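These are my notebook entries on a structure that I had not looked at before.

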Amino acid sequence: MDNGTDPTPKHDARGPKRSSFGRRIMIGVVSLLVILAVAIGIIGYHYFQTALKPLDTHNQNVVQVHVPMGATSNKIGQILQDKKIVKSGMVFNYYVKSHKFTNFRAGYYQLKPSMTLKTIAKQLQQGGSAEPVQSATGKVLLREGETIDQLAKEIPKQTDFTKKEFLSLMTNKKFFNQLAAKYPRLLSSAKKAKHVRYRLEGYLAPATYQAGKKMTLKDIVTSMVAKMDQNLQGQYQTIKKNKLTVQETLTLASLVEREGVNQKDRNKIAGVFLNRIKANMALQSDISVQYALKTTKKTLTYKDLKVKSPYNLYVHTGYGPGPFDNPSVSSIKAVLHPAARSKGYYYFIANTKTGKVYFSKTYNQHQALTSSLAGDNK
C-alpha cells in the first residue's frame with residue numbers, strides 16, 4: 001500500500017567517506033615504507049662503498065693480527081674488523097670472494113688501517129710469520145723487582161705483542177727447555193723446581209732492551225735471560241761456595257729486592273733470611289703472600305696470611321717454589337754477601353715514613369719495635 005514513502009533503500013552517506021579515509025592511510029603507510037626502503041638502500045650503499053675503501057688512510061699504526069689455521073674468509077673478515085683494520089668484515093668477505101682471492105694462509109701479519117682491501121688480501125695470500133714479530137724498532141723496559149705478570153701488562157704498551165702472547169710464552173715448556181739447554185748453569189735448578197707459576201720468574205734481568213724490527217717475542221725474552229746469565233758470570237762460583245742453587249739465590253734476592261732500599265739494608269735483610277732458613281723458621285715475608293694472592297696491596301689481613309699457596313712463606317718454611325719477581329744485581333750480591341749474620345738477627349721492620357729498617361734478635365724485641373712504629377706504619 002502506498003503511504004507516501006519512498007520504497008528505494010538509501011545508502012549510508014558515511015560509507016564512501018570511510019573507504020576513502022582508509023585508502024589514504026594505506027597509501028601513506030606504503031609511501032612511508034617506500035621512503036624508508038630507499039633511505040636504507042642509500043645508507044646501505046654508502047656504507048658498502050666506504051667499507052670497500054681503507055678504514056683510515058691517515059692511520060699508519062701497525063697492528064699485529066693472528067690468522068688461525070683453517071680460518072675462513074668470513075672468520076678472517078671478522079678478525080680484521082675486531083682489530084680495526086677494515087670497516088666491515090662482511091664487506092671484506094664479499095670483496096675477496098667476488099675478486100676470487102683464495103688460499104689465505106695462517107700466521108701473524110703486520111697490517112695497517114690505511115691499507116686497501118686488495119693489499120690486505122694479497123698479504124694474506126703471501127703468508128705471515130709463524131711467530132709474532134715486532135714491526136718497528138722500539139724499547140722494552142723491565143724494572144727492578146717487576147714480576148712477569150706486571151711486565152705482561154707493559155708489553156702491549158711497548159711492543160706489537162699482546163699480554164696473552166707474552167704469558168703464553170712464559171708457560172711454554174718447549175721454549176723454556178731450549179733456554180735451559182742454552183744456559184745450563186743459569187736454568188738447571190729452575191728446571192727441577194716444582195709448583196712454580198712461571199719458570200722464568202726471577203731470570204729476566206731488569207734493564208732496557210731494544211725491540212728491533214722483525215724481532216720475535218722469543219728473541220726479546222731470550223735477550224733478557226742472556227742478560228741475567230751475563231750478570232751471574234762472576235757470581236756462579238760464589239753461589240756454589242755458599243751451597244746455594246741459582247733458584248734459591250734468585251728467590252731470596254727477589255724478596256730482598258722489595259724489602260730493602262739501600263745496599264746496606266739489603267745485605268742485612270739477606271742475613272736475616274739466611275739465619276731463618278738455617279733455623280728452619282718460616283721467612284714470613286709479605287712479598288710472598290702478595291705474590292700468592294696476585295695483589296700489590298700493602299696491608300694484608302690475617303686471612304691473607306693463611307692463603308693456601310706454595311708461595312705463602314708464612315705457612316711454609318724454606319724458599320718456596322721460586323722467585324717472586326725479577327731482582328737486580330745489587331739484591332743478588334746482597335744474598336751472596338750477607339751482613340751481620342753473626343749478630344743473630346731473625347726479625348726486621350721498616351719505618352714506612354722514614355725508610356729506616358730496624359733489626360731484632362727476638363720476637364719480643366720485634367713486637368716492641370712494631371708497636372713503637374705503629375703510628376708511622378698505618
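Entry on glutamine 235. I looked up the contacts of glutamine 235 in this predicted model, and, with its neighbours within four places in sequence left aside, I found it in contact with Lys333, Leu336 and His337. Is glutamine 235 buried or exposed? I noted a relative accessibility of 11% for it, and because buried means under 20%, glutamine 235 counts as buried.

Entry on α3 and α4. I next checked how helix α3 (residues 89–98) packs with helix α4 (residues 117–126), and I wrote down an angle of about 70 degrees with the axes 11 Å apart. Since angles of 65 to 115 degrees count as roughly perpendicular, that is how α3 lies to α4. Going through the residues that meet, I listed Phe92, Tyr95 and Val96 from α3, and Leu117, Lys118, Ile120, Ala121 and Leu124 from α4.

Entry on the whole protein. I counted 16 helices and six strands in its secondary structure. The radius of gyration is 35 Å, whereas a compact globule of 378 residues would have one near 21 Å, and the C-alpha atoms fill a box of roughly 140 × 65 × 35 Å along the principal axes. I also recorded that buried residues make up 43% of the 378 residues, and that the protein exposes about 21,800 Å², of which carbon and sulfur atoms supply 55%.

Terms used: Residues numbered from 1 in each chain as written. Predicted model: local features only at pLDDT ≥ 70, side-chain atom pairs only at ≥ 80, totals over all residues. Heavy atoms only, no water. Buried < 20%, exposed > 50% of the residue type's maximum accessible area, 1.4 Å probe, protein only. Contact = heavy atoms within 4.5 Å. Axes fitted to C-alpha atoms, helices over the stretch in contact; angles between N-to-C directions. Helix = DSSP H or I, 4+ residues; strand = E, 2+ residues; numbered from the N terminus. Parallel < 35°, antiparallel > 145°, perpendicular 65-115°, else oblique. Rg over C-alpha atoms; globule rule 2.2 N^0.38 Å. Areas by Shrake-Rupley, 256 points an atom, 1.4 Å probe, with all protein chains shown as cover.
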